[in-house]
Amino acid sequence: MRSVPRWVLFSSMCAPILLVCGWSVAAVLHGPAYDPASTTISILAANGADGYWIMTSALIALGVCHVVTACGLRPAAGAGRLALCGGGVSAMLLAVFPAPSSGGSLKHGAVVVVGFSLLALWPVLAVRREVLGRSLATGRRPASAPAPAGSTPWALRRGPSLVATTLMWLGGAWFLLALLVHDTAGAAERVLTFAQSMWPLVVVLSCLRQPTRDDGLT
């Protein structure tokens, strides 16, 4: 199992920092009328909002970080890396389809749903299968074969990945409930988006802690 480049640690670490800094600064610029507990992040990036460029820039930077992380996260399965990359592109597309200053937007809502779904699914799609043993003919594991048992970083194993995906979907349900029934949509959205921005960093850290193995060793 190959480790990840050090620049992937930088991109995955920047993602949650940029997100939190973006919504914090944009909320200050928006003024005391903005309630972060009840109002969604999209309002900060809406057309005409005082913090529009701050929040929009943060979303674009977040998307770039996810794309860069996906490109360098070689230990993860290809489907998971593709989903993470798609989630990053969706974050950048929010700059193209911002929320309106009032009312709803089908295009903005569709981008949000697609982005959330991809970022919620990527943990399980990134799981690496493990196998026991090696090729009887060569004593080596083929490059295209699953990783040897015990060599997969823990955040790319089935159990932790299922837990991460399940919690993200529960967070999505909480956000919908808060949006339709309760007045805490802003708080729910912040918890959910922060968790989704943090999981790539968790995966990268688990890969860095995993010792590199030489497939040719017995």
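Is Cys85 buried, partly exposed or exposed? I looked it up: at 23% relative accessibility, Cys85 counts as partly exposed. My cut-offs are under 20% relative accessible area for buried, over 50% for exposed and partly exposed in between, with a 1.4 Å probe and protein chains only.

Ground rules, before I go on. This is a predicted model, so I take local features only at pLDDT of at least 70 and side-chain atom pairs only at pLDDT 80 or more, while totals for chains, interfaces and linings use all residues. Residues are numbered from 1 along each chain as its sequence is written, and side-chain values use heavy atoms, with hydrogens and water left out.

**Cysteines.** I searched for disulfides (a pair of cysteine sulfur atoms within 2.5 Å) and got 0. For Cys85, the closest cysteine sulfur is that of Cys71, 5.7 Å off and so too far for a bond. Cys14 has its closest cysteine sulfur in Cys65, at 5.2 Å, again too far for a bond. Cys14 counts as buried, at 19% relative accessibility.

**Ser11.** I found Ser11 in helix α1; helices are DSSP runs (H or I, at least four residues), numbered from the N terminus. Ser11 is buried at 5% relative accessibility. Leaving out residues up to four places away in sequence, Ser11 touches Cys65, Val68 and Thr69, where contact means heavy atoms within 4.5 Å.

Last, I checked the largest pocket: about 920 Å³. On a 1 Å grid over the protein atoms alone, a pocket is an open set of points where a 1.4 Å probe fits, with protein on both sides within 12 Å along at least five of seven lines; lining residues have an atom within 4 Å of a point. The volume is the space filled by probe spheres set on the points, which are joined across faces, edges and corners. I get 41 lining residues, with Ser42, Val112, Val113, Phe175 and Glu189 nearest the centre. α4 supplies the largest share of the lining, 8 residues.

Technical notes:
Helices (H or I, at least four residues) and strands (E, at least two) are DSSP runs, numbered from the N terminus.
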